[in-house]
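Let's take a walk through this one together, strand by strand and then out to the helices.

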Amino acid sequence: MRVLGVDPGLTRCGVGVVEGVPGRPCTLVAYYVVYTDPADELPLRLLHLDRSLTDLVAEHRPDAVAVERVFSQHNVRTVMGTAQASGIAVLAGARAGLPVQTYTPSEVKAAVTGSGQADKAQMTAMVTRLLRLPEPPRPADAADALALAICHVWRGGTRSKLAAAAERARRGGAR
């Protein structure tokens with residue numbers, strides 16, 4: 001399974017692509033950070049993000065897209081930009097006809113490090129180790145996007161298989 005993970009952000013949007021199967025180490029395909037200029041008008045920034053994510057989905061042809069679920073932050077301005085970037089990421093996957101799953105930061109941390117309370121340094125160290133990289137992905141947005149992709153391979157892949165099996169059972173058996 002190939003998964004494109006997105007750590008949404010309006011100024012910096014991390015994108016990571018991995019391949020793998022549940023229960024096995026994943027393999028790095030690529031990672032990026034899409035930048036937008038805070039001086040640009042919001043519609044132009046969102047358009048740039050949309051075009052960039054659409055191009056990356058077309059280039060890497062993932063089987064699924066995993067996006068960090070926006071959670072409440074104290075800074076309303078920051079959460080609005082993150083929510084808008086998240087919507088663009090979900091749209092890029094849906095437009096390509098791909099399944100899109102969202103994960104909370106604590107779900108990703110628990111899947112990758114074993115602790116939902118892990119900090120950024122622990123996350124980056126585990127992503128580096130799990131993908132057998134010679135050095136940590138930089139900036140942290142890229143490492144977070146790779147963690148999302150790993151989380152989906154390990155959790156979402158299993159979830160998708162269970163859902164497919166349940167659907168086959170509901171329809172009256174395997175086909």
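This is a predicted model: local features need pLDDT of at least 70, side-chain atom pairs count only at pLDDT 80 or more; totals for chains, interfaces and linings use all residues.

Start with strand 4 and strand 5 (residues 100-103), which run parallel and are joined by four bridges. Strands and helices here are DSSP runs numbered from the N terminus, with at least two residues (E) for a strand and at least four (H or I) for a helix, and two strands pair if DSSP finds at least two bridges between them.

Residues are numbered from 1 along each chain as its sequence is written, and side-chain values use heavy atoms, leaving out hydrogens and water.

Back to strand 4 (residues 64-68): five of its five residues are buried, so the strand is largely enclosed by the rest of the structure. Buried means under 20% relative accessible area, exposed means over 50%, and partly exposed is in between (1.4 Å probe, protein chains only). In a regular strand, side chains alternate between the two faces of the sheet. Here Ala64, Ala66 and Glu68 are buried on one side, and Val65 and Val67 on the other.

Now for strand 1 (residues 2-7), where you'll find Asp7. Asp7 counts as buried because its relative accessibility is 6%. An unreviewed UniProt entry lists Asp7 and Asp141 under "binding site"; such annotations may be inferred rather than shown by experiment. The two are spread over 135 residues of sequence yet cluster in space, with a largest C-alpha distance of 6.2 Å. Asp141 belongs to helix 5 (residues 140-170) and, at 11% relative accessibility, is buried too. Leaving aside residues up to four places away in sequence, Asp141 touches Asp7, Arg12, Gly14 and Val33, where contact means heavy atoms within 4.5 Å.

Finally, look at helix 1 (residues 42-60) and helix 2 (residues 76-95), which pack at about 35 degrees with axes 9 Å apart. Residues meeting there include Leu46 and Leu53 from helix 1 and Ile88 and Leu91 from helix 2. Helix 2 also holds Ser86, which is buried at 9% relative accessibility and touches Pro8, Val67, Glu68 and Val70, not counting residues up to four places away in sequence.

Terms used:
Axes are lines fitted to C-alpha atoms, for helices over the stretch in contact, and angles run from 0 to 180 degrees between N-to-C directions.
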